[in-house]
Amino acid sequence: MPRRSYNDESVVATFTEENNSKKKYMSPQSVRLASHDKTRVAYFHDEGVGNYHYGERHPMKPHRLTLTNHLVLNYGLHDKMEIFQPRRATDSEILEFHADDYVDFLKRVTPDNAEQFEQVFSKFNVGDDCPIFPGIYEFCQRYAGATIEAARKLIANGADICINWSGGLHHAKKCEASGFCYVNDIVLGVLELLRYFPRVLYVDIDIHHGDGVQEAFYSTDRVMTVSFHKYNGDFFPGTGHIDEIGSSLGKYYSVNVPLRDGIDDVSYVWLFKEVIDAVIGTFQPSAIVLQCGADSLGCDRLGCFNLSIGAHGKCVQIIKEFKIPLLVVGGGGYTVRNVARCWTYETSILVDTELSNDLPPNEYIDFFRPDYQLHPHLSGRLNNMNDRQYLLKVRERVMEQLRYLDGAPSIQMQEIPPDIQGFLDGDAELRDAEDDSEIGKEQRRRREVMAEAEWYEGDDDNDGEAVDSVWTEES
């Protein structure tokens, strides 16, 4: 089968959407529009965040952030946005989500005294994947502080889009490290956004399931999490089955899109657009957090997809076009040169600037040998195991889940106490009391008719819905 580049106009046209179709999502209740035409973009970068080192053989390389920043600067993108040197997150800010004993451990442990803490390594899940390295807590403060500051910039209406490529460490849990992540800056950023915005949508295009964020908001309806990832039950972190839909107040507000090896540009972007259009139409978020893990690119050291930088960026563009306050963070990505290219390209999308495919001269140009191009060929390494029938099944299953929502949850806005997590818990208790009323019982009865773990056996079971938007491939 002949291959076509994602940058080919015929392919891009397949996913072009009329602006009029977005208007219904732009009501005052769902989005705060700026009083100007130009999108205001704020870029948060800590000069020191790329100087930390997980270890010689470890795949996580914070230096990728330095490479990204140099490309951004040498392409002149800094002239298109406000640049901020963020402050570090304070202990109290990190403790908004993480446990006291875990934060105390991160503050005190070093490679020199690690032996004194060996008895709690398993408790905090520290080891090969999450090693102890010099400055570990400062590193966490830097990337988490940037995400928190970016969230506050959106709340203050100081920008329409905020970017923090050092953030996006979506695996960290309340009491433990996981998957190269120690502090979950995304959860901290979302908690900050919830002080002002009624509903926050979290979208994750990392190849790994966004388990830490999903777990943190699994039982609330004020945050909807949507994760596109590889899933086979064994691939890290082992979660992200399509049946993980949330619990209690958050039932149906966790959306998982499990994918198989080798998914290509056309398939991924088609499914992404189908799901995101439906999610935003149903949930009507007031703000969006987009995690742009670059390990979903083809040729990634730990990845197994066939995505080009153009397709990855198309997902960013789709989200941007909704014109909802947007916080963009990084995430995974372990082929350093491609991570830098990808996030630079996506920065250009966010500031509406076209870039030359020839990389500009910069201090790290040798990292990009031999082609020195912004868009190297990354696809075709693996066979695409996501056939048309499978993708239609996944799409229909997600649409079925969304049908069981009563629409966007409405909350009574009030002064948010400092303990935002406690506020969410209290909100759940109030809603539980409502569920015990006669009206609540009837609503709950209607919700519970959803069939458990139902998968469809063929296209005829889709009730014609797949006809509404055609997914095409070259034969």
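**Close-up views of a predicted model**

**View 1. Surroundings of N338 in the predicted model.** Leaving aside residues up to four places away in sequence, N338 is in contact with L297, G298, I309, P376 and L378. In this model, which is predicted rather than determined by experiment, N338 has its place in helix α10, a helix made of residues 336-350. The relative accessible area of N338 is 5%, and because buried means under 20%, N338 counts as buried.

View 2. Eight strands, arranged in the order β2-β1-β3-β8-β7-β4-β5-β6, make up an open sheet in which the pairing is parallel. The strands at the edges are β2, covering residues 82-84, and β6, covering residues 254-259, and each of these two pairs on one side only. From one strand to the next, the twist of the sheet averages 15°. In general, the strands of a sheet pair through backbone hydrogen bonds, and this pairing may be either parallel or antiparallel.

**View 3. Strand β4 beside strand β5.** Strand β4, with residues 200-204, and strand β5, with residues 223-230, are paired in the parallel sense, and five bridges link the two. Two of the facing positions can be followed here: L201 stands opposite M224 in β5, while Y202 stands opposite T225 in that strand. On the way from β4 to β5 the chain passes through helix α7, residues 211-216, and the β-α-β crossover made in this way is right-handed.

View 4. How many of the eight residues of β5 are buried? Eight of the eight are, and the strand is therefore described as mostly covered, given that a residue is buried when its relative accessible area is under 20%. The side facing one way carries V223, T225, S227 and H229, whereas M224, V226, F228 and K230 point the other way, and all of these residues are buried.

Definitions and conventions: Residues numbered from 1 in each chain as written. Predicted model: local features only at pLDDT ≥ 70, side-chain atom pairs only at ≥ 80, totals over all residues. Heavy atoms only, no water. Pairing = 2+ DSSP bridges. Helix = DSSP H or I, 4+ residues; strand = E, 2+ residues; numbered from the N terminus. Axes fitted to C-alpha atoms, helices over the stretch in contact; angles between N-to-C directions. Buried < 20%, exposed > 50% of the residue type's maximum accessible area, 1.4 Å probe, protein only. Contact = heavy atoms within 4.5 Å. Right-handed = clockwise from strand over helix to strand, strands pointing away.
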